[in-house]
Amino acid sequence: MACEAFRINPVSRMATRERQALHDEDMTEPIRREFNPWRLCVAPMMDWTDRHCRYLHRLLSRRTRLYTEMVSTGALLHGDVPRHLRFNAEEHPLALQLGGNEPADLAACAKLGEQWGYDEINLNCGCPSERVQRGAFGACLMAEPRGVAEGVKAMRDAVAIDVTVKHRIGIDRTESYEFVRDFVGTVAEAGCRTFIVHARNAWLQGLSPKENRELPPLRYEFVHRLKRDFPTLSIVLNGGLRTDEQIEQQLAFVDGVMIGREAYHDPWRLSQWDAVFFGAEPLVGDRDEVEARMVDYMQRMAGEGVPWSHVARHMLGLRNGLPGARRWRQVWSDHRLKGQPPVLVSRAAAGSRLSVEV
Ligand SMILES: Cc1cc2nc3c(=O)[nH]c(=O)nc-3n(C[C@H](O)[C@H](O)[C@H](O)COP(=O)(O)O)c2cc1C
């Protein structure tokens, strides 16, 4: 196997120790056990939820489950494995999302994910992009529930960690609940216990992926029905959730919710989630503390040759809604400052923000 050389991930060994520590800490917090592990998740988002973004999200919430961007089996089996799989030990609990359709390839990649220390392998059955359709995976797999079941079985046979599926409620103009019910039923028979359901169809012709996240109507009632029909499965609802009130409402019907765009554009929202949805202490006091820790992280990443702008782009929404937020954001996205150390950029950003406030 091309990726054999990368079988042992130093991060994953560190991660195991860290996870043990977190686990021990959790033992002193009985509330932890009451919650479904998928109660609150940040969605996999291509080009957005890379390891730097996830580092930020983890600074803000200890308990929210995080997902990688989708990685195709081809990219893993024939490409640069560390580039796709490395992550920071702090990011757990963390799922690797795979895109693919060949059971043997999925199994090999799931194994790789497990060896690198991921907590879950998630199969993408919801992406409608043309590129993904050409590769015959993503949303079009919903037309082949038996094929998905085979893929899931192969992955489950290969790894001990959770194997989950993220999917839509239908493809094209299928409007029947029975379509998604039968999909879930068939895949559950292969041993999948957790389904993350983006509560709208994927229209496979004529829409961009962006339009496919907006135009097909949301039907939360289909997801609620799935939970009623499959009470022993974990059913996680995704799509269009914006406020904590909406999250709370949905948690009355399903085991968990997954938030995508809102979490990315307004990351400070995550800072309240441990308290609001898990009854735990918030991790951070204020945005300045988060920014300071991100600056430390940028300095650490500079040692790996990562420019600070690759990290900073994910935190541009951190001060949304506050006076001076626009000026602060402009400084952090100013390419002329690229040669400066991040600590100086942070100072300049604070200066511009405070000059607006007074
Ligand atoms: C920029 C972007 C990239 C996305 N990439 C992926 C992806 O790689 N895998 C996936 O399953 N979904 C992907 N999605 C879909 C999200 O995971 C989620 O299902 C969708 O945005 C609906 O949730 P939301 O309304 O809370 O944003 C992406 C969404 C966005 C905005």
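S6 and strand S7 (residues 234–238) pair in the parallel sense over five bridges; two strands count as paired if DSSP finds at least two bridges between them. Before we go on, please note that this is a predicted model, in which local features need pLDDT of at least 70 and side-chain atom pairs count only at pLDDT 80 or more, whereas totals for chains, interfaces and linings use all residues. Residues are numbered from 1 along each chain as its sequence is written.

Let us stay with S6 for a moment. Strand S6 covers residues 194–198, and five of its five residues are buried. A residue is called buried if 20 or more other C-beta atoms lie within 10 Å of its own, exposed if 12 or fewer do, and partly exposed in between, with C-beta atoms placed from the backbone. Thr-194, Ile-196 and His-198 point one way from S6, while Phe-195 and Val-197 point the other way. Strand S5 (residues 162–168) is also joined to S6, through four bridges and in parallel. One of the pairs there is His-167 with Val-197 of S6.

S5, helix H8 (residues 177–189) and S6 make a right-handed β-α-β unit. Right-handed means that, with the strands pointing away from the viewer, the path from the first strand over the helix to the second runs clockwise. S6, helix H9 (residues 220–229) and S7 make a right-handed β-α-β unit as well.

Now step back to the whole sheet. Strands of a sheet pair through backbone hydrogen bonds, either parallel or antiparallel. Here, eight strands form an open sheet with parallel pairing, in the order S1-S8-S7-S6-S5-S4-S3-S2. S1 and S2 are the edge strands, each pairing on one side only. On average, neighbouring strands of this sheet are turned by 25° against each other, direction ignored; the axes behind such angles are lines fitted to C-alpha atoms, for helices over the stretch in contact, and angles run from 0 to 180 degrees between N-to-C directions. In total, the secondary structure comes to 16 helices and eight strands.

Tyr-67 stands opposite Ala-95 in S3, and Ser-72 has Gly-99 of S3 as its bridge partner. Six of the seven residues of S2 are buried, so this strand is largely enclosed by the rest of the structure.

S2 also leads us to the ligand. Both S2 and helix H11 (261–265) supply at least two residues each to the shell around the ligand. A residue is near a molecule or strand if its C-beta atom, placed from the backbone, lies within 6 Å of it. Of the 23 residues around the ligand, Ala-43, Met-46, Met-70, Gly-260 and Arg-261 come nearest. By class, the shell has nine nonpolar, eight polar and six charged residues. In this scheme Ala, Val, Leu, Ile, Met, Phe, Trp, Tyr, Cys and Pro are nonpolar, Asp, Glu, Lys and Arg are charged, and the others, Gly among them, are polar.

Helix H2 is another place to look. 10 of the 10 residues of H2 (residues 51–60) are buried, so this helix is largely enclosed by the rest of the structure. Its buried residues pack against strand S1 (40–42), strand S2 (66–72), strand S3 (94–99), helix H12 (270–278), helix H13 (287–302) and helix H14 (308–312). Contact means that the C-beta atoms of two residues, placed from the backbone, lie within 7 Å.

Pro-342 is found in helix H16 (residues 342–357) and is buried, with 24 other C-beta atoms within 10 Å. Not counting residues up to four places away in sequence, Pro-342 touches Val-295, Met-298, Gln-299 and Trp-308. The C-alpha atoms of Pro-342 and Val-295 are separated by 5.9 Å, although the two residues are 47 residues apart along the chain. Pro-282 lies in the loop between H12 and H13 and counts as partly exposed, with 15 C-beta neighbours inside 10 Å. Leaving aside neighbours within four places in sequence, Pro-282 is in contact with Ser-271, Gln-272, Asp-274 and Ala-275.
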